Structures are given as C-alpha cells and as structure tokens.
Amino acid sequence: MPPLDLTADEVLTTTRAVRGRLDLDRPVERALIEECLRLATQAPTGRNRQRWDFVLVTDPAKRAALADLYRLGLTRPRQQVVRDGVDRGDPGRGRRIAESAQYLFDHLHEVPVLLAPCIRVQGRHENASHVGQANTWGSVLPAVWQFMLAARSRGLGTAWTTPHLHYEREAAELLSIPYETVLQAALIPVAHTIGTDFRPGPRTDVDKIAHWDGW
C-alpha cells in the first residue's frame, strides 16, 4: 500500500503507542513489514556495526506463547522495576491508558505480527556498565523507532512493550534466539490501525525541559 499523505512532522508527532485501535482481523502483508525494515536499517548505529536483528512472529501458537510471557511479566515480574521519580504525564489520561493497556493484555495473542527487536553482543557482561548499556541500546533503539515511524506512515500501529523481558530466556527458547549473545530489546505488536487519524500527544513544554549551557 502507498504511504499515507503525511508530512515528516506529522509522522513524528502522531506516531502513538497503539493498543485499542489495532485491527486484529486484517493480516499484515510481509512486503509491508519488509519496507519498514529497510527504512529501519538506515538508522544510525554505533561504529556502523549494524548488530541488530528483528524476529517477526506470525505463527499463531508462538504468538500465543509470547503473549503468555508478556502477561506473566505483568502479573508475576521477576525483577523489581522502580516506578517512582519524575512523572510528567497527564494524570487525567491515566484511566484511558489503563483501559488501552488492559485491551492489549487481553488481545496481544491476536495481533497479526509480534516483533522482537534484538542486538548481538559478545556476552551479557557488555551491559554491566552504564557506558556499555548506552552503547548497546543506542545501537538498536533508533532502528526500532525508525521502524515504528515507517509503520505509522503506512497505516500500521505499534506499541513499545517490555514486560516479556522478565521471561526473556523463555522467549529466547521459544524463538530459538541465542540467549547468551543476543539481547531482546522489546516486544512490539504490529497491525493495521482502525482509522489513521492520530493526533499529537500532550507533552511538557520545551521551556520546562531545555537546559542551555548547564542544568
């Protein structure tokens, strides 16, 4: 399908986390996914090493198993995730977000494509330091976001999720991913959207977050 008639600014400001408006009944063409991947791999990556890999799951049984791991990550997490600190979100949208998240919790196994973006490492010790983490994730996350932008421009919806990483080893076994040398970054549902009219989300004013020449 041809890209939507959106400007670059519109793509950048309307690529939302889509959950409740994913079309669960419409298949996603493989060629469309491959178009998005070709654009994703134009993203910058540390020393141009291009260590990324993208595992695309369409098999219903594997999608169901991944969805179960996602649900386990939310209901029985293996690690404590600190959620205090800065929160600039709009408290008035909390209920809407919760309802959207619950919908994805209930229907993730029905999403036509689940994407597990990965990055190759020599070993999991590479992420032991803050610098190591920055190098690793900085070499894959831009490509994933570029995939999501390309998907938006083609009428596809995506959402960044990480709960299944509590059970990353089990996901690796399910998908035959070499656990010790390949890190999974997320689990991203991919589907056509119900409608394409997405708006910019509420965000903090730039003058509250910009620090010129120092904090």
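In what order do the elements of the protein run from the N terminus on? They go α-α-β-α-α-β-α-α-β-α-β-β, which comes to 7 helices and 5 strands. Here helices (H or I, at least four residues) and strands (E, at least two) are DSSP runs, numbered from the N terminus. Keep in mind that this is a predicted model, where local features need pLDDT of at least 70 and side-chain atom pairs count only at pLDDT 80 or more, while totals for chains, interfaces and linings use all residues. Residues are numbered from 1 along each chain as its sequence is written, and side-chain values use heavy atoms, leaving out hydrogens and water.

Now for the overall build. Of the contacts with a separation of 6 or more, 85% are between residues 24 or more positions apart; contact means heavy atoms within 4.5 Å.

Let's look inside. Buried residues are 38% of the 215, with buried meaning under 20% relative accessible area, exposed over 50%, and partly exposed in between (1.4 Å probe, protein chains only). In soluble globular proteins, nonpolar side chains tend to be buried together. The largest nonpolar core here has 25 residues, and F54, F147, L156, I188 and V190 have the most contacts inside it. Such a core is a set of buried Ala, Val, Leu, Ile, Met, Phe, Trp, Tyr and Cys residues joined through side-chain atoms within 4.5 Å. Two or more residues each come from α2 (30-40), β1 (52-57), β2 (113-120), α6 (141-153) and β5 (188-192), and α6 gives the largest share, 6 residues. Take F54: leaving aside neighbours within four places in sequence, F54 touches L37, T41, L115, A116, P117, A143 and V144. Apart from this core lies another, of 22 residues, including C118, Y167, L187 and F198.

One last stop is A64, in helix α3 (residues 60-75). A64 is partly exposed, with a relative accessible area of 28%. From A64 to E99 is 35 residues in sequence and 21 Å in space, C-alpha to C-alpha.
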